[in-house]
Amino acid sequence: MHAPDVLLDSLRSIPGMESGSKRLVILMTQLGDFDSLEYAQALAPALPKLEQAGIKTLAIGIGDAAGAERFCQFTGFPRNNLKVEAEPRLHRGLGLYAGLQTPGGPWPGLLLMCAGIGSPGTLNEVFRGYTGDRTAPQRFDSPLFRLAGGDGFQRPFELATVRLRNMTEVLGKWRTYVPQDDFITQRGATYLLDADDALLYQHLDRGMLGFSATMNRPLSFLDPYLG
């Protein structure tokens, strides 16, 4: 299957992302969105393995340069691997889910999506953050979480703590991360392209906290390509 033409047209204008090598392209949501932050935090430590495997990585988020600088400082994601756009033109061109559209602007739609309406899987993912997940890796080396359940897996409240930290960061600098609220419901996608532009993998986000088909191990789709 060939990658979408609108995506390939966009990549041709970005040095290093043309045909000729494998490319991982992530269409992120707003830089202040949980999905963007968590995805970047998962990707940052994996980038050396991706580079070693010959996979170039590019994330395209909704925001501006100031937000990108703060986002990368907070998540550890390299600034050179992040491109920002003020409006989700590429998201629209690819037909990605714009989120729940409601009267009264984007905020009512966002709040309903947080409650799982028009956002399948969101509530289950929220609950997983509080209940823990024995199929997911642990996030903290902390005696507190060890007492809550042990070691070697995601303990109760561990992921919820990560999300609370992310929320505190974003709310404290909201206009840096989200220069305008118009696109706060927009969802993203993941594309893995071969050197000849064949589409090796894609995931289209269907709701909030759904940037991966396997949220317990969000980068597991890359395993076959990392050797």
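Visitor: Which strands does helix H2 lie across, and at about what angle does H2 run to E1?
Guide: Keep in mind that this is a predicted model. Helix H2 covers residues 34-43, and strand E1 covers 22-30. The helix lies across E1 and E4, and its angle to E1 is about 150°.

Visitor: In what order do the five strands of the open sheet come?
Guide: Look at the edges to get your bearings: strand E3 (82-85) and strand E5 (199-204) each pair on one side only. The pairing in this sheet is mixed, and the twist averages 15° from one strand to the next. Reading across, the order is E3-E2-E1-E4-E5.

Visitor: Which residue in E5 does Leu 193 stand opposite?
Guide: Strand E4 takes in residues 189-193, and five bridges join E4 to E5. The two strands run antiparallel. Opposite Leu 193 you'll find Leu 199.

Visitor: How many residues apart are Lys 22 and Asp 194?
Guide: These two form a salt bridge, with their closest N and O atoms 3.7 Å apart. Lys 22 sits in strand E1, while Asp 194 is in the loop between E4 and E5. So the pair links distant parts of the chain, and the separation is 172 residues.

Visitor: Is Asp 194 buried, exposed or partly exposed?
Guide: Buried needs under 20% relative accessible area, and exposed needs over 50%. Asp 194 comes in at 21% relative accessibility, so Asp 194 counts as partly exposed.

Visitor: Are H7 and H9 roughly parallel or roughly perpendicular?
Guide: The axes of helix H7 (residues 122-131) and helix H9 (residues 158-172) come within 4 Å and cross at roughly 110°. Angles of 65 to 115 degrees count as roughly perpendicular. That makes H7, relative to H9, roughly perpendicular.

Visitor: Which residues do salt bridges with shared partners join into one network?
Guide: The network as a whole joins Glu 38, Glu 125, Arg 128, Asp 133 and Arg 163.

Methods. Residues numbered from 1 in each chain as written. Predicted model: local features only at pLDDT ≥ 70, side-chain atom pairs only at ≥ 80, totals over all residues. Heavy atoms only, no water. Axes fitted to C-alpha atoms, helices over the stretch in contact; angles between N-to-C directions. Parallel < 35°, antiparallel > 145°, perpendicular 65-115°, else oblique. Pairing = 2+ DSSP bridges. Contact = heavy atoms within 4.5 Å. Salt bridge = Lys/Arg side-chain N within 4 Å of Asp/Glu carboxyl O. Buried < 20%, exposed > 50% of the residue type's maximum accessible area, 1.4 Å probe, protein only.
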